[in-house]
Amino acid sequence: METNFSVNYKNKVVKVTLAGSLDAKRAPALADEIKKLIGKDIEKIVFFAKDLEYISSAGLRVIIFSKQKIGTDIKLYMVGATADVLDVIRMSGIDNIMEITDIYEE
Amino acid sequence: MADIIMPANMENFDRLMDFIQIEAENVGFDKKLVNKIRLACEEIIINVINYAYPDKEGDIEIKCNSNKNGSGFFIKIIDWGAPFNPLSKPEPDINAPADEREIGGLGIFLVRKVIDKFDYIREGNNNILTLFKYFS
């Protein structure tokens, strides 16, 4: 199975780069990577989504999960997502737990 | 009518999803709507893969076609498992803060938002879920 994401943790910021599909088959691997970060000192999780073409409820659940497990006071960012992906995020209401931006500045 | 049948497991997930994507594209839905149809079908398919056959392997069948008067496209997802209607689950509270969000139910909530009509019937030993999307 191809890897559709990469996770990088540095200076209290987790950067997750997403590509292709974040669906029921691929989301569990991302959830596993995020579980490894539980307990670490984290202020922000930034999802870079410009190459993400499709997200399903499984992918949305991992995003919610990341905030629930790592700390509900952390800030979540969704950067560069396409209109289709944002449409799904807004339909689900999880735009309420993240900041949606076109670009991310350190 | 396009039709496929294969064992309901994660190894076949991509084949099942590709089938739906190709059929939805073939009838002329744009990329945005193809993605929405995929999203809805994924939910139902995952329910079948995860829950229809707890003790043994079983099949999933997908049939799809434009309807008779050409107003839209239907997708029937069929399994031979215990009686189960995935649309009978309660909806999540989408305004709840993150730590209170129920993880379950989100998928079916999205199915209801993107699909125009849906129907569940139990026929013999089949569950038949039909999703319908108008062309525009």
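The legends below describe close-up views of a predicted model. Residues are numbered from 1 along each chain as its sequence is written, with chains lettered from A and ligands numbered from 1 in the order in which they are written.

**View 1. Confidence along chain A.** Among helices (H or I, at least four residues) and strands (E, at least two), taken as DSSP runs numbered from the N terminus, helix α2 (residues 57-70) of chain A has the lowest mean, 93, and strand β4 (residues 75-79) of chain A the highest, 97.

**View 2. The open sheet of chain B.** Five strands of chain B follow the order β1-β2-β3-β5-β4 with antiparallel pairing, where a pair requires at least two DSSP bridges. Because β1 (2-7) and β4 (117-123) of chain B each have a single partner strand, one side of each edge strand lacks a neighbour in the sheet. From one strand to the next, the twist averages 15° (angles run from 0 to 180 degrees between N-to-C directions, and axes are lines fitted to C-alpha atoms, for helices over the stretch in contact). Eight bridges join β3 (residues 72-79) and β5 (residues 126-134) of chain B; I75(B) has L131(B) as its bridge partner in β5(B).

**View 3. Helices on the sheet of chain B.** Helix α1 (residues 13-26) of chain B lies across β1, β2 (59-66) and β3 of chain B, at about 5° to β2(B). Helix α2 (residues 31-52) of chain B touches β2, β3 and β5 of chain B and makes about 10° with the direction of β3(B); contact means C-beta atoms, placed from the backbone, within 7 Å.

**View 4. Packing of α2(B) against α3(B).** The axes of α2(B) and helix α3 (residues 106-114) of chain B are 9 Å apart, at an angle of about 140°. K36(B), L39(B), A40(B) and E43(B) of α2(B) meet residues of α3(B) including G107(B), I108(B) and V114(B).

**View 5. The side of chain B that touches chain A.** Here, 21 residues of chain B contact 18 residues of chain A. Helices α1, α2 and α3 of chain B each supply at least two residues of this side of chain B, and α2(B) gives the largest share, eight residues.

Notes. Predicted model: local features only at pLDDT ≥ 70, side-chain atom pairs only at ≥ 80, totals over all residues. pLDDT = per-residue confidence, 0-100. Contact = placed C-beta atoms within 7 Å.
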